[in-house]
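This report describes a single protein chain for a reader who is new to structural description. Please examine the sequence and the structure shown below before reading on.

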Amino acid sequence: MVYKKRLKFNPDDFNEAELQHFFDYEYQDRGMLKWQGFFLSDHTSALNQEKQEAIPVRRPQQRAAEISELLMAAWQSKRQVILQLEEVNDDQIPKEVTGTIAGYRENEVAVQITEGKRPVMILIEEIRNIRNGKPKRRLNDV
């Protein structure tokens, strides 16, 4: 047996002006709160990790000869390096590239950022500073 539940309010009982008044003055939308339930734990942990990442500090300009020596040593040893570039974003935070040196051209260096993808070409004159090792990812590691 199918029970039909009687509606408390019949939609035909309301006119458009009453509905507009209700949504304009009485109904309060919860805004973004109603979407919080759609975030997965992976999303929230990624957002929290992004908040904790250290902001790169502008390092001193190294001499061209020193940069060339460090690039050559990193290329020969196949170790990971962090290149700080002259390029900055709107907040004056310098751009950093982490990867292994895959090769040289006349005035460019090829940096392998992720395995399997093509190396990124960076002009040597755009490199401000080079240092060895993996970057410190969290503020409490600094």
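## Salt bridges, sheet and core

Glu66 is partly exposed, with a relative accessible area of 28%. The model in which this value was computed is a predicted one. The partner of Glu66 is Arg63: their side chains meet in a salt bridge, with an N to O distance of 3.9 Å. Arg63 counts as exposed, at 57% relative accessibility. In general, side chains of opposite charge can pair when their charged atoms come close.

How many salt bridges does a search of the whole structure find? The search finds five. Three of them are set out in the table.

| Salt bridge | N to O distance | Relative accessible area of the Arg | Relative accessible area of the Glu |
|---|---|---|---|
| Arg63 and Glu66 | 3.9 Å | Arg63, 57% | Glu66, 28% |
| Arg128 and Glu86 | 3.6 Å | Arg128, 13% | Glu86, 28% |
| Arg105 and Glu108 | 3.2 Å | Arg105, 54% | Glu108, 19% |

The closest N and O atoms of Arg128 and Glu86 are 3.6 Å apart. Because Arg128 lies in strand 5 and Glu86 in strand 1, this pair ties together parts that are 42 residues apart in sequence. Arg128 is buried, at 13%, while Glu86 counts as partly exposed, at 28%. Both residues also belong to a network of salt bridges, in which they are linked with Arg58. In the pair formed by Arg105 and Glu108, Arg105 is exposed and Glu108 is buried.

In what order do the five strands of the open sheet stand? The order is 4-3-2-1-5, and the pairing is antiparallel. The edge strands are strand 4, which covers residues 120–123, and strand 5, since each pairs on one side only. From one strand to the next, the twist averages 50°.

The individual pairings can be followed through the sheet. Strand 2 and strand 3 are antiparallel and share four bridges; in this part of the sheet, Thr100 stands opposite Gln112 of strand 3. Strand 1 and strand 2 pair in the antiparallel sense over six bridges, and Leu83 stands opposite Val97 in strand 2. These two strands form a hairpin with five residues between them. Within the turn, Gln92 has a positive phi of about 65°. Strand 1 also pairs with strand 5, again in the antiparallel sense, over five bridges. Ile82 stands opposite Arg131 of strand 5.

A helix accompanies the sheet. Helix 3 lies across strand 1, strand 2, strand 3 and strand 5, and runs at about 60° to strand 2. Which residues touch the most other members of the largest nonpolar core? Of its 14 residues, they are Leu71, Leu83, Ile101, Val109, Val111, Ile122 and Ile127. At least two residues of this core come from each of helix 3 (64–77), strand 1 (80–88), strand 2 (94–104), strand 3 (108–112) and strand 5. Leu71 has contacts beyond its neighbours in sequence: setting aside residues up to four places away, Leu71 touches Leu83, Ile101, Tyr104, Val109, Ile127 and Ile130.

Is each of them buried or exposed, and what is the relative accessible area? Asn129 is buried, with a relative accessible area of 5%, whereas Asn132 is partly exposed, at 41%.

A polar atom of the Asn129 side chain lies 3.0 Å from the backbone oxygen of Pro60. When residues up to four places away in sequence are left out, Asn129 touches Arg59, Pro60, Gln62, Ile82, Leu83 and Gln84. The C-alpha atom of Asn132 is separated by 9.9 Å from that of Leu71, a residue 61 places away along the chain.

Methods. Residues are numbered from 1 along each chain as its sequence is written. This is a predicted model: local features need pLDDT of at least 70, side-chain atom pairs count only at pLDDT 80 or more; totals for chains, interfaces and linings use all residues. Side-chain values use heavy atoms; hydrogens and water are left out. Buried means under 20% relative accessible area, exposed over 50%, partly exposed in between (1.4 Å probe, protein chains only). A polar contact is a pair of N or O atoms within 3.5 Å; within protein, one must be able to donate a hydrogen and the other to accept it, and residues adjacent in sequence count only if both atoms are side-chain atoms. Contact means heavy atoms within 4.5 Å. A nonpolar core is a set of buried Ala, Val, Leu, Ile, Met, Phe, Trp, Tyr and Cys residues joined through side-chain atoms within 4.5 Å. Two strands pair if DSSP finds at least two bridges between them. A salt bridge is a side-chain nitrogen of Lys or Arg within 4 Å of a carboxyl oxygen of Asp or Glu. Axes are lines fitted to C-alpha atoms, for helices over the stretch in contact, and angles run from 0 to 180 degrees between N-to-C directions.
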